[in-house]
Every structure is written in C-alpha cells, then in structure tokens.
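Follow the charged side chains through this model. Look at where each partner sits and how much of its surface is open.

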Amino acid sequence: MRKIKQDIQTEEDVELMVNSFYDKVNKDELLSYVFNDFSKVNWKAHLPKMYRFWNTLIFGKQSYKGSPFDSHISLPVNKTHFDRWIQLFDINIDEHFKGEVADNTKLRAKSIAYVFQSKLEYINKN
C-alpha cells in the first residue's frame, strides 16, 4: 500500500525534511566533501539548528536566531554546488511531501541559494 503524500504541516515534518535531505547531502560526491571534510560539520548541533531555521521560514515560529550567510563565506563552493544543493532539496521534498507549503519551501530554498551564491561571487571577486 502506497502512502499518500501530505503537505508540510508540523515540526515533525520539518525534521523529516531536514534529516532526509542531509542524508542525501552526506551521500553526495560533490556536497559531502564541503560539509564533512572541509567544514567538519557537527551534525548533532547542525541538524537542530536547521530544524529551527526551516520552522522559522515555513511556520513563522521565530525559533531561529542568527545570520546563516556568515557561516558560508569561507566555503569552497560555486554555482555547481548550489545547483546540486537545489536539485537534492527538490528531490527530497518531492519524495516526502506534496502541496502548497512544500512548493513554497522549494521556492524559498531556491531564493536562498541564489542570494548566497550571488553574495559569495561578489565577495570572491573583490
């Protein structure tokens, strides 16, 4: 029996979204290096931060405090990395969810990636 996909509705949905996405990132040849080898991400600390970030963006919970761009300034990433990040993000959302909130979340992710990529390109040229 196939489970019918629901929209992103709860904080538990956000945790599923984040956990399953970063599972993909950790298996990805291009992105895994950035997170695990270069940045040496502490996943136990990072994942709850991402739950708060996405809960704030999706549900307006205001549980995330910080400046997410700052931690990306030193990363060895370019358009190829951002394109792959978006590709995995979209695949992940589509695997688990369907609906207006899911679609809006994908749009927000694309917007964030575009802004981060543009800012990093500017910083690296100057």
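Aspartate 94 and lysine 106 form a salt bridge, with the closest N and O atoms 2.7 Å apart. A salt bridge here is a side-chain nitrogen of Lys or Arg within 4 Å of a carboxyl oxygen of Asp or Glu. The pair links distant parts of the chain: aspartate 94 lies in helix H4, lysine 106 in helix H5 (residues 100-125), twelve residues apart. Helices (H or I, at least four residues) are DSSP runs, numbered from the N terminus. Lysine 106 is buried, at 14% relative accessibility. Aspartate 94 is partly exposed, at 36%. Buried means under 20% relative accessible area, exposed over 50%, and partly exposed in between (1.4 Å probe, protein chains only).

The model is predicted: local features need pLDDT of at least 70, side-chain atom pairs count only at pLDDT 80 or more, and totals for chains, interfaces and linings use all residues. Residues are numbered from 1 along each chain as its sequence is written, and side-chain values use heavy atoms, leaving out hydrogens and water.

Now take glutamate 95. Its salt bridge is with lysine 24, the closest N and O atoms being 2.8 Å apart. This pair too links distant parts of the chain: glutamate 95 is in helix H4 (residues 79-96), lysine 24 in helix H1 (residues 11-27), 71 residues apart. Glutamate 95 is partly exposed, with a relative accessible area of 43%.

Another pair stays within helix H4. Lysine 79 and aspartate 83 both lie there, four residues apart, about one turn of the helix. Their side chains meet in a salt bridge (2.8 Å, N to O). Lysine 79 is partly exposed at 44%, and aspartate 83 is partly exposed at 39%. The structure holds six salt bridges, these among them.

Notes: Helices (H or I, at least four residues) and strands (E, at least two) are DSSP runs, numbered from the N terminus.
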